[in-house]
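Student: Hi! Could you walk me through this fold?

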Amino acid sequence: MKAVVFEEFAGDLTTQTVADPTPRNDGVVIELLSNGVCRSDWHAWQGHDPTVKLPHVPGHEAVGRIVGVGKDVQNFVEGDCVIVPFSCGCGVCPTCQTGSTNICDAPSFAGFGSWGAFAQYMGVIYADTNLVKLPEELSATDAASLGCRFMTAFYGVVHKAKVKAGDWVVVHGCGGLGLSAIMIAATSGAQVIAVDIDDGKLAMAEKFGAAHVINAAKDPKVGRPIRSLTSGGADVSIDALGHATVAYNSVSCLRKQGIHLQLGLAIGDAVNMPMPMHLVTYKELQLIGSLGMPSHLYPSMLSMVSAGKFNPAELVTKTVNLDGAIEALKGMGDYSTSGVVVIEDFS
(Lines give C-alpha, C1' and ligand atoms only; values in the text may rest on other atoms or scores of the structure.)
Protein backbone atom coordinates (compact mmCIF):
# COMPACT_ATOMS: atom_id res chain seq x y z
CA MET A 1 0.00 0.00 0.00
CA LYS A 2 0.97 3.65 -0.34
CA ALA A 3 1.58 5.57 2.89
CA VAL A 4 3.25 8.68 4.28
CA VAL A 5 6.22 7.56 6.39
CA PHE A 6 8.83 9.24 8.57
CA GLU A 7 11.94 7.31 9.57
CA GLU A 8 13.35 9.81 12.06
CA PHE A 9 11.69 12.37 14.28
CA ALA A 10 11.39 15.76 12.60
CA GLY A 11 13.00 14.16 9.55
CA ASP A 12 11.76 13.77 5.99
CA LEU A 13 8.14 12.85 5.34
CA THR A 14 7.91 10.70 2.21
CA THR A 15 5.27 8.73 0.36
CA GLN A 16 6.39 5.10 0.23
CA THR A 17 5.10 1.65 -0.67
CA VAL A 18 4.84 -0.44 2.51
CA ALA A 19 3.26 -3.77 3.49
CA ASP A 20 -0.52 -3.99 3.76
CA PRO A 21 -1.88 -4.57 7.29
CA THR A 22 -3.68 -7.77 8.26
CA PRO A 23 -6.55 -7.91 10.78
CA ARG A 24 -5.94 -9.09 14.32
CA ASN A 25 -8.51 -11.59 15.65
CA ASP A 26 -10.38 -8.79 17.45
CA GLY A 27 -9.79 -6.22 14.73
CA VAL A 28 -10.42 -5.15 11.17
CA VAL A 29 -8.57 -3.60 8.27
CA ILE A 30 -10.15 -0.56 6.65
CA GLU A 31 -9.55 0.99 3.27
CA LEU A 32 -9.26 4.70 4.00
CA LEU A 33 -11.93 6.96 2.55
CA SER A 34 -10.88 10.12 4.42
CA ASN A 35 -8.67 11.29 7.26
CA GLY A 36 -8.16 14.65 8.92
CA VAL A 37 -4.71 16.22 9.31
CA CYS A 38 -4.28 17.24 12.95
CA ARG A 39 -1.63 19.03 15.00
CA SER A 40 -1.35 15.88 17.12
CA ASP A 41 0.09 14.22 13.99
CA TRP A 42 2.72 16.95 13.95
CA HIS A 43 3.58 16.16 17.58
CA ALA A 44 3.99 12.48 16.65
CA TRP A 45 6.33 13.45 13.81
CA GLN A 46 8.35 15.69 16.11
CA GLY A 47 8.90 12.88 18.62
CA HIS A 48 6.78 14.38 21.40
CA ASP A 49 4.88 11.12 22.02
CA PRO A 50 6.92 8.28 23.58
CA THR A 51 4.62 5.61 22.13
CA VAL A 52 5.66 6.39 18.55
CA LYS A 53 8.22 3.91 17.18
CA LEU A 54 10.16 4.40 13.97
CA PRO A 55 9.49 4.06 11.09
CA HIS A 56 6.01 5.42 11.50
CA VAL A 57 2.83 6.28 9.60
CA PRO A 58 0.80 9.07 11.29
CA GLY A 59 -2.92 9.79 11.13
CA HIS A 60 -5.78 9.29 13.60
CA GLU A 61 -8.96 10.91 12.22
CA ALA A 62 -9.97 7.97 10.06
CA VAL A 63 -13.06 7.03 8.12
CA GLY A 64 -12.93 3.90 6.01
CA ARG A 65 -14.56 0.84 4.48
CA ILE A 66 -13.88 -2.52 6.12
CA VAL A 67 -11.98 -4.87 3.80
CA GLY A 68 -10.75 -7.46 6.32
CA VAL A 69 -12.35 -8.83 9.49
CA GLY A 70 -10.76 -10.81 12.35
CA LYS A 71 -12.39 -14.10 13.36
CA ASP A 72 -13.58 -12.81 16.74
CA VAL A 73 -15.33 -9.68 15.46
CA GLN A 74 -19.12 -9.91 15.86
CA ASN A 75 -20.59 -6.51 15.05
CA PHE A 76 -18.99 -5.60 11.72
CA VAL A 77 -18.61 -7.17 8.29
CA GLU A 78 -16.70 -6.42 5.12
CA GLY A 79 -18.17 -3.45 3.32
CA ASP A 80 -19.27 -1.57 6.43
CA CYS A 81 -18.19 2.07 6.41
CA VAL A 82 -16.98 3.17 9.82
CA ILE A 83 -15.57 6.03 11.87
CA VAL A 84 -12.54 5.19 14.02
CA PRO A 85 -12.24 7.00 17.38
CA PHE A 86 -8.65 8.10 17.91
CA SER A 87 -8.56 6.62 21.43
CA CYS A 88 -9.71 3.00 21.32
CA GLY A 89 -10.49 1.06 24.50
CA CYS A 90 -10.02 -2.66 25.14
CA GLY A 91 -13.58 -3.03 26.42
CA VAL A 92 -12.70 -5.28 29.37
CA CYS A 93 -10.54 -3.26 31.79
CA PRO A 94 -12.15 -1.61 34.87
CA THR A 95 -12.10 1.82 33.21
CA CYS A 96 -13.79 0.58 30.04
CA GLN A 97 -16.38 -1.20 32.14
CA THR A 98 -17.43 2.19 33.54
CA GLY A 99 -18.01 3.41 29.97
CA SER A 100 -14.81 5.47 29.74
CA THR A 101 -13.27 3.62 26.79
CA ASN A 102 -11.51 6.84 25.78
CA ILE A 103 -9.17 6.55 28.79
CA CYS A 104 -8.77 2.76 28.73
CA ASP A 105 -6.13 1.15 30.95
CA ALA A 106 -4.62 -0.45 27.82
CA PRO A 107 -5.57 1.97 25.04
CA SER A 108 -4.82 1.79 21.35
CA PHE A 109 -4.03 5.04 19.58
CA ALA A 110 -3.84 4.60 15.82
CA GLY A 111 -1.26 6.97 14.40
CA PHE A 112 0.73 6.91 17.63
CA GLY A 113 1.29 3.47 19.19
CA SER A 114 0.45 1.84 15.85
CA TRP A 115 0.53 2.90 12.21
CA GLY A 116 -2.15 5.34 11.27
CA ALA A 117 -4.31 6.68 8.48
CA PHE A 118 -1.94 8.58 6.20
CA ALA A 119 -2.19 5.42 4.10
CA GLN A 120 -4.44 3.43 1.81
CA TYR A 121 -5.19 0.85 4.53
CA MET A 122 -5.11 0.76 8.33
CA GLY A 123 -5.54 -1.93 10.95
CA VAL A 124 -7.88 -1.28 13.89
CA ILE A 125 -7.97 -3.46 17.03
CA TYR A 126 -10.80 -3.86 19.58
CA ALA A 127 -13.21 -3.33 16.69
CA ASP A 128 -16.47 -4.32 18.42
CA THR A 129 -15.80 -1.94 21.32
CA ASN A 130 -14.79 1.08 19.30
CA LEU A 131 -15.90 1.32 15.69
CA VAL A 132 -18.87 3.54 14.87
CA LYS A 133 -20.91 2.91 11.73
CA LEU A 134 -20.92 5.85 9.33
CA PRO A 135 -24.48 7.21 8.92
CA GLU A 136 -25.67 7.02 5.33
CA GLU A 137 -26.46 10.72 5.23
CA LEU A 138 -22.91 11.71 6.26
CA SER A 139 -20.14 11.78 3.65
CA ALA A 140 -16.72 10.36 4.48
CA THR A 141 -15.11 13.80 4.19
CA ASP A 142 -17.71 15.35 6.49
CA ALA A 143 -17.21 12.49 8.96
CA ALA A 144 -13.46 13.09 8.96
CA SER A 145 -14.17 16.68 9.98
CA LEU A 146 -15.56 15.20 13.21
CA GLY A 147 -12.12 13.65 13.64
CA CYS A 148 -10.50 13.92 17.02
CA ARG A 149 -11.06 17.67 17.12
CA PHE A 150 -14.83 18.01 16.81
CA MET A 151 -15.66 14.96 18.90
CA THR A 152 -13.09 15.98 21.53
CA ALA A 153 -14.68 19.43 21.67
CA PHE A 154 -18.19 17.92 21.79
CA TYR A 155 -17.35 15.61 24.67
CA GLY A 156 -15.54 18.34 26.58
CA VAL A 157 -18.05 21.14 26.06
CA VAL A 158 -21.27 19.11 26.34
CA HIS A 159 -20.43 16.20 28.64
CA LYS A 160 -17.55 17.43 30.84
CA ALA A 161 -17.99 21.21 31.23
CA LYS A 162 -21.76 20.93 30.66
CA VAL A 163 -21.95 24.30 28.94
CA LYS A 164 -25.48 25.73 28.95
CA ALA A 165 -27.36 28.65 27.49
CA GLY A 166 -26.22 31.98 28.87
CA ASP A 167 -22.77 30.82 29.98
CA TRP A 168 -19.79 32.95 29.10
CA VAL A 169 -17.33 30.64 27.35
CA VAL A 170 -13.83 31.66 26.29
CA VAL A 171 -11.99 29.55 23.70
CA HIS A 172 -8.23 30.14 23.58
CA GLY A 173 -6.82 28.99 20.22
CA CYS A 174 -8.86 28.96 17.02
CA GLY A 175 -7.48 25.99 15.12
CA GLY A 176 -9.70 23.06 14.22
CA LEU A 177 -10.25 22.10 17.86
CA GLY A 178 -10.99 25.64 19.00
CA LEU A 179 -13.34 26.37 16.11
CA SER A 180 -15.19 23.14 16.89
CA ALA A 181 -15.55 24.18 20.53
CA ILE A 182 -16.83 27.60 19.45
CA MET A 183 -19.43 26.07 17.12
CA ILE A 184 -20.65 23.65 19.80
CA ALA A 185 -20.72 26.19 22.64
CA ALA A 186 -22.52 28.77 20.52
CA THR A 187 -25.09 26.20 19.41
CA SER A 188 -25.62 25.38 23.10
CA GLY A 189 -26.63 29.02 23.66
CA ALA A 190 -23.40 30.20 25.27
CA GLN A 191 -21.88 33.64 24.74
CA VAL A 192 -18.49 32.86 23.22
CA ILE A 193 -15.29 34.87 23.27
CA ALA A 194 -12.54 33.66 20.92
CA VAL A 195 -8.85 34.34 21.56
CA ASP A 196 -6.04 33.86 19.03
CA ILE A 197 -3.05 35.70 17.60
CA ASP A 198 -4.23 35.45 13.97
CA ASP A 199 -6.92 37.81 12.67
CA GLY A 200 -7.84 35.36 9.92
CA LYS A 201 -8.59 32.62 12.46
CA LEU A 202 -10.53 35.09 14.59
CA ALA A 203 -12.66 35.93 11.55
CA MET A 204 -13.43 32.22 11.20
CA ALA A 205 -14.30 32.14 14.90
CA GLU A 206 -16.89 34.86 14.35
CA LYS A 207 -18.29 32.88 11.42
CA PHE A 208 -18.79 29.87 13.69
CA GLY A 209 -20.50 31.74 16.50
CA ALA A 210 -18.03 33.81 18.54
CA ALA A 211 -19.74 36.95 19.79
CA HIS A 212 -16.42 38.67 20.64
CA VAL A 213 -12.82 38.13 19.53
CA ILE A 214 -9.51 39.13 21.12
CA ASN A 215 -6.16 39.16 19.35
CA ALA A 216 -3.69 38.13 22.06
CA ALA A 217 -0.76 39.36 19.98
CA LYS A 218 -2.14 42.89 20.19
CA ASP A 219 -3.46 42.61 23.75
CA PRO A 220 -1.41 39.94 25.62
CA LYS A 221 -3.17 40.60 28.93
CA VAL A 222 -6.31 38.91 27.65
CA GLY A 223 -7.80 38.54 31.13
CA ARG A 224 -8.63 42.23 31.37
CA PRO A 225 -10.93 42.51 28.32
CA ILE A 226 -12.48 39.12 29.16
CA ARG A 227 -13.32 40.18 32.71
CA SER A 228 -14.71 43.45 31.34
CA LEU A 229 -16.92 41.75 28.72
CA THR A 230 -18.19 39.14 31.18
CA SER A 231 -18.59 41.43 34.22
CA GLY A 232 -16.15 39.44 36.30
CA GLY A 233 -14.87 36.46 34.34
CA ALA A 234 -15.84 33.46 32.23
CA ASP A 235 -17.99 30.58 33.41
CA VAL A 236 -15.97 28.18 31.26
CA SER A 237 -12.59 28.81 29.67
CA ILE A 238 -10.96 26.37 27.26
CA ASP A 239 -7.34 25.81 26.30
CA ALA A 240 -7.82 24.44 22.79
CA LEU A 241 -4.12 24.52 21.97
CA GLY A 242 -2.10 22.85 24.71
CA HIS A 243 0.27 25.72 25.44
CA ALA A 244 1.62 26.97 28.78
CA THR A 245 0.71 30.64 28.27
CA VAL A 246 -2.70 29.75 26.86
CA ALA A 247 -3.56 27.46 29.78
CA TYR A 248 -2.40 30.07 32.30
CA ASN A 249 -4.53 32.73 30.62
CA SER A 250 -7.49 30.38 30.57
CA VAL A 251 -7.40 29.77 34.32
CA SER A 252 -6.73 33.45 35.04
CA CYS A 253 -9.80 34.74 33.21
CA LEU A 254 -12.37 32.67 35.12
CA ARG A 255 -14.99 34.00 37.49
CA LYS A 256 -15.42 32.44 40.93
CA GLN A 257 -16.28 28.71 40.71
CA GLY A 258 -15.54 28.77 37.00
CA ILE A 259 -14.31 25.82 34.95
CA HIS A 260 -11.04 25.51 33.06
CA LEU A 261 -11.38 22.83 30.38
CA GLN A 262 -8.12 21.44 29.02
CA LEU A 263 -8.79 20.16 25.48
CA GLY A 264 -5.44 20.85 23.82
CA LEU A 265 -2.87 18.11 24.38
CA ALA A 266 -0.16 19.29 26.75
CA ILE A 267 2.83 17.47 25.31
CA GLY A 268 6.38 18.38 24.34
CA ASP A 269 7.49 21.58 26.06
CA ALA A 270 4.02 22.04 27.55
CA VAL A 271 4.04 18.90 29.74
CA ASN A 272 4.85 20.80 32.94
CA MET A 273 2.74 23.94 32.70
CA PRO A 274 2.80 26.63 35.40
CA MET A 275 -0.67 27.22 36.83
CA PRO A 276 -2.02 30.08 39.01
CA MET A 277 -3.02 27.62 41.72
CA HIS A 278 -3.70 30.41 44.21
CA LEU A 279 -6.66 31.39 42.00
CA VAL A 280 -7.85 27.78 41.93
CA THR A 281 -8.09 27.88 45.71
CA TYR A 282 -9.34 31.41 46.31
CA LYS A 283 -11.93 31.27 43.52
CA GLU A 284 -12.85 27.58 44.01
CA LEU A 285 -12.11 26.89 40.37
CA GLN A 286 -12.45 23.52 38.66
CA LEU A 287 -9.76 22.14 36.34
CA ILE A 288 -11.18 19.50 34.01
CA GLY A 289 -9.27 17.38 31.53
CA SER A 290 -10.95 15.78 28.54
CA LEU A 291 -9.56 13.24 26.06
CA GLY A 292 -11.43 12.26 22.92
CA MET A 293 -14.86 10.71 23.47
CA PRO A 294 -16.13 7.26 24.42
CA SER A 295 -17.48 5.44 21.36
CA HIS A 296 -20.89 4.84 22.96
CA LEU A 297 -21.51 8.60 23.00
CA TYR A 298 -20.98 9.03 19.25
CA PRO A 299 -24.69 8.51 18.45
CA SER A 300 -25.64 11.59 20.50
CA MET A 301 -23.22 13.70 18.47
CA LEU A 302 -24.06 12.14 15.10
CA SER A 303 -27.79 12.59 15.65
CA MET A 304 -27.25 16.31 16.21
CA VAL A 305 -25.14 16.54 13.06
CA SER A 306 -27.78 14.65 11.07
CA ALA A 307 -30.47 16.97 12.44
CA GLY A 308 -28.52 20.00 11.24
CA LYS A 309 -27.78 21.39 14.70
CA PHE A 310 -24.07 21.29 13.89
CA ASN A 311 -22.42 21.44 10.49
CA PRO A 312 -18.79 20.40 11.06
CA ALA A 313 -18.30 20.17 7.29
CA GLU A 314 -18.03 23.97 7.39
CA LEU A 315 -14.75 23.52 9.27
CA VAL A 316 -13.14 21.81 6.25
CA THR A 317 -11.02 24.40 4.47
CA LYS A 318 -9.08 22.10 2.13
CA THR A 319 -9.01 18.53 0.81
CA VAL A 320 -5.73 16.94 -0.29
CA ASN A 321 -4.03 13.75 -1.44
CA LEU A 322 -1.21 12.03 0.46
CA ASP A 323 1.43 14.38 -0.92
CA GLY A 324 -0.72 17.35 0.04
CA ALA A 325 -1.05 15.88 3.52
CA ILE A 326 2.73 16.12 3.91
CA GLU A 327 2.64 19.85 3.20
CA ALA A 328 -0.35 20.34 5.52
CA LEU A 329 1.44 18.50 8.31
CA LYS A 330 4.53 20.67 7.90
CA GLY A 331 2.32 23.74 8.20
CA MET A 332 1.17 22.62 11.64
CA GLY A 333 4.55 23.61 13.04
CA ASP A 334 4.00 27.33 12.62
CA TYR A 335 0.19 27.26 12.94
CA SER A 336 -0.14 28.38 9.31
CA THR A 337 -3.04 26.03 8.58
CA SER A 338 -6.60 27.12 9.28
CA GLY A 339 -9.72 25.08 9.83
CA VAL A 340 -9.56 21.36 9.04
CA VAL A 341 -7.58 19.76 6.21
CA VAL A 342 -8.88 16.35 5.08
CA ILE A 343 -7.15 13.69 2.99
CA GLU A 344 -9.66 12.18 0.55
CA ASP A 345 -7.33 10.84 -2.17
CA PHE A 346 -5.06 7.96 -1.12
CA SER A 347 -4.05 6.77 -4.59
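**Overall make-up**

Tutor: Happy to. The chain's secondary structure amounts to 11 helices and 15 strands; helices (H or I, at least four residues) and strands (E, at least two) are DSSP runs, numbered from the N terminus. The radius of gyration is 19 Å, close to the 20 Å that the globule rule gives for 347 residues, so the chain is as compact as a globular protein of that length. That radius is taken over C-alpha atoms, and the rule is 2.2 Å times the number of residues to the power 0.38. This is a predicted model, where local features need pLDDT of at least 70 and side-chain atom pairs count only at pLDDT 80 or more, while totals for chains, interfaces and linings use all residues. Residues are numbered from 1 along each chain as its sequence is written, and side-chain values use heavy atoms, with hydrogens and water left out.

Student: What share of the residues is buried?

Tutor: Buried residues are 55% of the 347 in the chain. Buried means under 20% relative accessible area, exposed over 50%, and partly exposed in between (1.4 Å probe, protein chains only).

Student: Now the open sheet. What is its strand order?

Tutor: The six strands run E10-E9-E8-E11-E12-E13, with parallel pairing; two strands pair if DSSP finds at least two bridges between them. Strands E10 (212-215) and E13 (286-289) are at the edges with a single partner strand each, so one side of each is left without a neighbour in the sheet. From one strand to the next, the twist averages 20°. Axes here are lines fitted to C-alpha atoms, for helices over the stretch in contact, and angles run from 0 to 180 degrees between N-to-C directions.

Student: Which helices pack on it?

Tutor: Helix H4 (residues 140-160) is one of them, touching E11 (234-239), E12 (254-262) and E13, with its direction at about 145° to that of E12. Helix H8 (residues 244-252) lies across E8 (168-172), E11, E12 and E13, at about 150° to E12. Contact means heavy atoms within 4.5 Å.

Student: And how does E11 link up with the strands beside it?

Tutor: E8 and E11 pair in the parallel sense over four bridges, with Val170 opposite Ser237 in E11. E11 and E12 are also parallel, over five bridges, and there Ser237 has His260 of E12 as its bridge partner. Five of the six residues of E11 are buried, so this strand is largely enclosed by the rest of the structure.

Student: Back to H4. Where does it bend?

Tutor: At Gly147, by about 60°. The bend is the angle between axes fitted to the seven residues ending at a residue and the seven starting there. In H4, 17 of the 21 residues are buried, so the helix is largely enclosed by the rest of the structure.
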